[in-house]
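This briefing looks at charged side-chain pairs and at surface pockets. Please read it alongside the sequence and the structure shown here.

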Amino acid sequence: MIRRLASALSMLALVACDGPTPEVKAEPEPPPTVAVTPDGYRPARSETLDAVRARGMLRCGVHTSLPGFALRDARGAWRGFDVDICRAVAAATLGDATKVQFVVVDPKDRFGALKTGDVDVLSRNTSRTFARDAGLGLTFPVVTYYDGQGFLVRRALALNSAEELGGARVCIQEGTAAEANVGDYFRVRGMAFRAVMARTEEEARKFYEAETCDVYTADVSALAASRSVMSNPGAHVILPTVISKEPLGPVVRDGDPAWADIVAWTVYATLLAEELGITSRTVEQARETATDPETRRLLGVDGDLGALLGLKPDWAFQVVRQVGAYHEIFRRDLGGDSALRLDRGLNALWSAPAPGLMYAPPMR
């Protein structure tokens, strides 16, 4: 019996060897795992970041021409505060601040360009308001400049306040919040005025210079920019009256919170660098010699916080090295080294001797 069973098994083995190879079904691949840090933080993924890296270029929407914020110089290179915010984001995401395609957008089309994907980020002296934040499908990640609407008048008028402007002709740029703000200001005070509407900032400035209007209203920073390119800047003054709050900053699309965080933390990195006493000239040495824990985390020496946003460990180091700390950017584009010569004011650090509103969360 045993001998017959062994013989049968041998025959089956021979048949198996000569027959077709049985199909082997591959085991399904396990789902990809998401890395989790020891503290339980999960890295986020940004579709916009993936697209920017695949393209090798950040597309940034900027003003057509606003001195101090976005303006082509004599060689055609873009300069300005909003331009430098774009470059900082490129340094953080691509490691190269020059990898930016600047897309000129006017006030009426700026949000549309963002929604349609023509730009990855809008950096165009844009105020955050309730309606824009809640009703446009957009996100305002961070404030880069605290501003307010003011009035530019001729020094010869010897005016001291906007409350002396009753009956004035007021130049206003279309498509901005300025029209509603100035209407509210005059109506509440029972003052009459005549609006002279302009399609662009440049046209409003030309109307004002041609005395088509008596006063030009816009954000104070924009008024300073316009004054800086007039034939006789000293003949014009910005009244001390500020009639609105205008928190300016970059804008991104809703639906990609990781990208909004990347833009916000890029700006925070410049503020933290200023707070920690780091500049574009000292950042390399700081990376080698710093013992302060927050400095070491910011510059990617200790830990790898950048990985939580899909960034390289040295992302903030590259931002500061290639673009600068906040005070360097401000001074270069808007402050003492610029034609605008604006004071820091509200845009000083919270810890400055004359404290401002600039405050970055801790790097930890």
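In this predicted model, Arg 55 and Asp 120 form a salt bridge in which the closest N and O atoms lie 2.8 Å apart. The pair links distant parts of the chain, since Arg 55 belongs to helix H2 (residues 47-55) while Asp 120 sits in the loop between helix H4 (110-115) and strand S5 (121-122), 65 residues apart.

- Within the Arg 55 pair, Arg 55 is partly exposed at a relative accessible area of 32%, whereas Asp 120, with a relative accessible area of 3%, is buried because it falls under the 20% cut-off.
- Asp 133 and Arg 128 meet through their side chains in a salt bridge with an N to O distance of 2.6 Å; Asp 133 is partly exposed, its relative accessible area being 24%, and Arg 128 also counts as partly exposed, at 41% relative accessibility.
- Asp 302 is joined to Arg 296 by a salt bridge whose closest N and O atoms are 2.7 Å apart, with Asp 302 partly exposed at 32% relative accessibility and Arg 296 partly exposed at a relative accessible area of 23%.
- A network of salt bridges links three residues, Asp 84, Arg 87 and Arg 332.

**The largest pocket**

- The largest pocket has a volume of about 580 Å³, and of the 21 residues that line this pocket, the closest to its centre are Tyr 41, Leu 305, Gly 306, Leu 308 and Arg 364.
- Sorted by class, the lining of the largest pocket consists of eleven nonpolar, three polar and seven charged residues.

**The second largest pocket**

- The second largest pocket has a volume of about 350 Å³, and its lining is made up of 18 residues, of which Tyr 145, Asp 147, Val 220, Val 242 and Leu 342 are the closest to the centre.
- Strand S7 (145-147) and helix H8 (220-228) are the elements that give two or more residues to the lining of the second largest pocket, and the largest share, three residues, comes from S7.
- By class, the lining of the second largest pocket comprises ten nonpolar, three polar and five charged residues.

Technical notes. Residues numbered from 1 in each chain as written. Predicted model: local features only at pLDDT ≥ 70, side-chain atom pairs only at ≥ 80, totals over all residues. Heavy atoms only, no water. Salt bridge = Lys/Arg side-chain N within 4 Å of Asp/Glu carboxyl O. Helix = DSSP H or I, 4+ residues; strand = E, 2+ residues; numbered from the N terminus. Buried < 20%, exposed > 50% of the residue type's maximum accessible area, 1.4 Å probe, protein only. 1 Å grid on protein atoms, 1.4 Å probe; cavity = no way out; pocket = protein on both sides within 12 Å on 5 of 7 lines; lining within 4 Å. Points joined across faces, edges and corners; volume = space filled by probe spheres on them. Nonpolar A, V, L, I, M, F, W, Y, C, P; charged D, E, K, R; others polar.
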